[in-house]
Amino acid sequence: MANIEIDGKHYEVKEGENLLEAILGLGLDLPYFCWHPAMGSVGSCRQCAIKVYQDENDTRGKILMGCMTPAKDGMRIGLEEEQVSDFRDHCIEVTMANHPHDCPVCEEGGECHLQDVTIMSEHTTRRYRGKKKTYENQYLGPCINHEMNRCITCYRCVRFYKDYAGGKDLAAMASRENTYFGRHEDGCLESIFSGNLVEVCPTGVFTDKTLARSYNRKWDLQTAPSICQGCSLGCNIAPAERQGKIKRITNRYHGEINGYFICDKGRFAYDHINSDLRLRDCFVENEKTSYDEALQHTVKLIGEAGSCIGFGSEKASMEENLLLKALVGSKNFCSGMPAAREQQLKEVLNIYKNARTELISLKALEACDCILVLGEDLMASAPRMALSVRQATRNLSFELADQTRIPRWQDEAVRTLAQNERSPLIMATVSGSELDEIASEKIHAAPAQLTAFGFAVAASLEGKTCLPEIAETLAGELTEKAKSVAAQLRTAKKPLIIGGCSLNSLALIQACGQIATALSRARSNGTVFKTPVSFVLPEVNSLGLALLLDDHTLKLEEAVQKGSEKAAIFLRADIYKHLPFEVAEKMFSSISSGISFSELPNRTADKCKINFPAASFVEQEGTVVNNEGRAQRYFEVYAQANPSIKEGWRNLLNIAKGIQGSLAQAKPLAELACFDDVSHFVRNSAPVFSTWDQVAPDSKFRIAGMKIPRQPHRYSGRTSLQANIKVAENKAPEDSDSPLGFTMEGAPTQRPPALNALTWSPGWNSNEAINKFQDEIGGHLRGGDPGVLLLREKQGEDLQFSFTKAQSAELVAVSQSRLFDSCELTVLSAALVQRADIRVAMLGEATAHKLGIQDGDLINIKVGKDGISLPALIDRSVPENLVSIPNDIHTQNELSAALLPAPCQIVRAVS
Amino acid sequence: MRILYLIYDYIVSNVKSVWDVFSHTFTKADTVEYPDEMPYLAPRFRGRIVLTRDPDGKERCVACNLCAVSCPTDCISLQKAEDETGRWYPEFFRINFSRCVYCGLCEEACPTYSIQLTPDFEMAEYNRQNMVYEKEHLLINGTGKYPNYSFYNVSGKAVSGRKKGEGVNEAPPVDVKSLLP
Ligand code: SF4
Ligand code: SF4
Ligand code: SF4
Ligand code: SF4
Ligand code: FES
């Protein structure tokens, strides 16, 4: 700790942190551009000038850049002195000399860091009368708009895009004061993190093109805290709405998960909510009905059948799944997942809960200095994690910096010092991943071999020679590699094992478990070493659903069978996705009393007698559990006006109310009236949920008697927006289920992080305002990062897993994860659909040669009776005798990814 | 002293007031016989709001929303749209005059001189719903009080008929390929 004096007042700050960070951390204002809390300082914009005095006797002082000066004990600093505020005023004046006069037509306006800094630096009158510089713009794809005139050459964009996120196609070009930030030519930005440029760029050079389609200013957008539904990481987001439409999604800072950045899927995949394809009415036997009528029919149907099978979903919230399970009874509950996936998730839970493992957040992941990734293409299955892994490989450079006594935040110096030196990252995947380029070791092998490799690493960690059947499966070279990987894991300061469900292999998850056990044994002396592990799971609430599985839970096929005799409720679940087509068809032909809740049409809903439209995640509240076991709540962003679209949990309570006479287990549910009741029900349902109340404050929470407003305090057009319909204003919708209100009135400050989606503070209109909400810069949110870790401290035991040799097959089809795939999140997003790759089957050269297949040939891959036709892509990284096919939703009669990996046959389709 | 003050207060001032009223009987009236006669209203009078056009006849409003956010009664709403050349314009523009207090803050906030208050106050309606004006009721065919200003001439943004560097006081676009000093 260092004691420093700022403008005559004494403060305590961290010794060695840069003064800009220290000053902002104290809650004071100091303008800046080029420094970024996650990317450190480069000292290029000169806006953060302060006066630094050496000691008591120094009366003159020096003007220094705050972001480049480490805090030292006894320092005296002038922040508001005339000389430095003049300096900053002149500095911004020069910066603004060429800035265009286009704020009114700039999408950044109203949330622009440049506007804020200009005002903060007290620059009000333009004196420069010369000609202004202009630049041509570029087409940067469907997501990002480019208006180069607005650039102030702070270099944040390239520092994020290239240095931080590893992008290739954005650079600073041209020379001297002509510097141009863009691509070598027009074209879509390739990086899957490109959307962050919108928030990273302090000006309006890069703006959100999807918002521009129907633009509104930040002050006009209604928001609520939400959780991304794109993958299992549960990044915190802030969807924004006006006039019943979601207009954009931005990052919502979470100190342990996404920090300042999210991926492009999280940011741009929201059109499915606004889509015309959304189901909006209730149907009974294809007849449009009112909600109440449909409800009556449902109750009658279940009453007649006497009992009901419930199909849950990984995409539905904890509340929905749990209520469904309680409604139908655990013996009639099915997770809606294929049996194999259920087993994998159970094993993941087992390793998380019972092995000597430590669950780690993305933030903690960034501190790991040796990472083994087994079977996951993180860029596709957990993009934000891939970004964290990239940062983790920089730990070596920080160590080098520490040795040479360069502060870690001296970004340019640290990067120059380290050059390409990186901490070890071992990427063991089926085929090439974008992270391979920073991996110290890349291994491309079939899932069976990856499993064997994992067990070999575990054996080596325990100093054993691996079993003969493992050695047999592994090629000779991999056995050696396993030894060196084991050695690295053993000596690393903080090793980490990343696994997951993408390859649909239980054995691979067990291999991760075995490594964790072996590593814990190898490194425990005296104290128990808990191996950090992280598993990437298929969907947003996979882990939550796994927590509900018990011995009674019906297997999918069993449940569909039983469903044909009884009534069946399908909760946002498209069962077709998970079964061989013929099996699904046959089973569904006999289900006569299906009841579906779905947002969009799907094949399962088509087969149901009663259809309810489901609310999307922005139209209801709910809780999801991410891959780390963190339960996080999302809230209604706007009130759904359509009376047929009700919250998922309310639908189930309504059914329970109707059916309580004939279904005994429905009685306790019928007594629940509001979301708080449901939360308490969840809390009391199992010990693992005992801390459920801490997920987020309940609906009675108030600050000085006030609710928390969803609308910014300067929300405009309140008396006019609906005036064309009715000039007398309607009462704002009420929200009795959460502490949030649908107006601009309410608590202006002190909002708990779990309830706050608006990053705004007086004078700080852009998202840079987040520094006012953190306990320290880049740290936790003040009041604690939202969410509750359900799987906390435990002792752990030596779990042992055994290797079973996979059956060998001539040719194996494995599933390939894709970020922009063909599921509704991407396909219905007008922007992302343009960025989606076409679906291809990837084969290695040797395999292709053997089968006589050329690049681009249309091939037919058959697994059992199901098949799929795809163009072939010959990729050197794919191992022999393997074909890798996309795992996204398959339409009509196509092979379901749930069946993979499986032996297959390939025939060339005659063209 | 106090006595004198009371005498003034209760007697003299009352007599003076009566005299003042009486003497006004012989002066010229300031009021006019409205509606038979129209009073003079200065151009800066704050009455019915209009949306004006650029000197070249194009819609001036760029849908920046500054008027809406500055309006103390929140009675302006609009939605931004963009034509193929990048020019912003309001898809709809609505003022609920039954809420407007004619404060003129919208006019002050407008960076394009589009929204202007005019010397017309005859807006009474029997039906309040008719006080809601849409863009078609607001947009006039002229420049209003500010004849020469055109925002896009000075904005730096390329829109139809004006490429980068062709605006007022703009240098031609930077040649990024040149390395010359
Ligand atoms: S484009 Fe934005 S982030 Fe990049 S240098 Fe210019 S102002 Fe900075
Ligand atoms: S990484 Fe996953 S959770 Fe995070 S924004 Fe992307 S898709 Fe959403
Ligand atoms: S005159 Fe005042 S009240 Fe009327 S629309 Fe303009 S800002 Fe609003
Ligand atoms: S302030 Fe002027 S330009 Fe902006 S929206 Fe209002 S009328 Fe249009
Ligand atoms: S923020 Fe310190 S020089 Fe740019």
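Colleague: What makes strand E15 (residues 282-284) of chain A and E27(A) a pair?

Modeller: Two strands pair if DSSP finds at least two bridges between them. E15(A) and E27(A) share two bridges in the antiparallel sense, so they meet that requirement. The strands themselves are DSSP runs (E, at least two residues), as are helices (H or I, at least four), both numbered from the N terminus. This is a predicted model, in which local features need pLDDT of at least 70 and side-chain atom pairs count only at pLDDT 80 or more, while totals for chains, interfaces and linings use all residues. Residues are numbered from 1 along each chain as its sequence is written, chains are lettered from A and ligands numbered from 1 in the order in which they are written, and side-chain values use heavy atoms, without hydrogens and water.

Colleague: Which residues are bridge partners in E27(A)?

Modeller: Ile610(A) is the partner of Val284(A), and Phe612(A) is the partner of Phe597(A). Strand E26 (residues 593-598) of chain A runs parallel to E27(A), joined to it by four bridges.

Colleague: Where do the side chains of E27(A) point, and are they buried or exposed?

Modeller: Ile610(A) and Phe612(A) point one way, Asn611(A) and Pro613(A) the other, and all are buried. Buried means under 20% relative accessible area, exposed over 50%, and partly exposed in between (1.4 Å probe, protein chains only).

Colleague: Why is the aromatic pair of Trp649(A) and Phe675(A) called tilted?

Modeller: Rings of Phe, Tyr and Trp (its six-membered ring) pair if their centres lie within 6.5 Å; planes under 30 degrees apart count as stacked, over 60 as edge-to-face and the rest as tilted. Across the whole structure there are 27 aromatic pairs over all chains. One of them, Tyr215(A) with Trp88(B), has 5.4 Å centre to centre and 50° between the planes, and is tilted. Trp649(A) and Phe675(A) have ring centres 5.4 Å apart and planes at 55°, so this pair is tilted. It links helix H25 (residues 648-659) of chain A to helix H27 (residues 675-685) of chain A, the two residues being 26 residues apart. Both Trp649(A) and Phe675(A) are buried.

Colleague: What makes the charged end of Lys80(B) sit over the ring of Trp88(B)?

Modeller: The criterion is that NZ of Lys or CZ of Arg is within 6 Å of the ring centre and within 35 degrees of the ring normal. The charged end of Lys80(B) is 4.5 Å from the centre of the Trp88(B) ring. In chain A, the charged end of Arg710(A) sits over the ring of Phe742(A), 3.9 Å from its centre.
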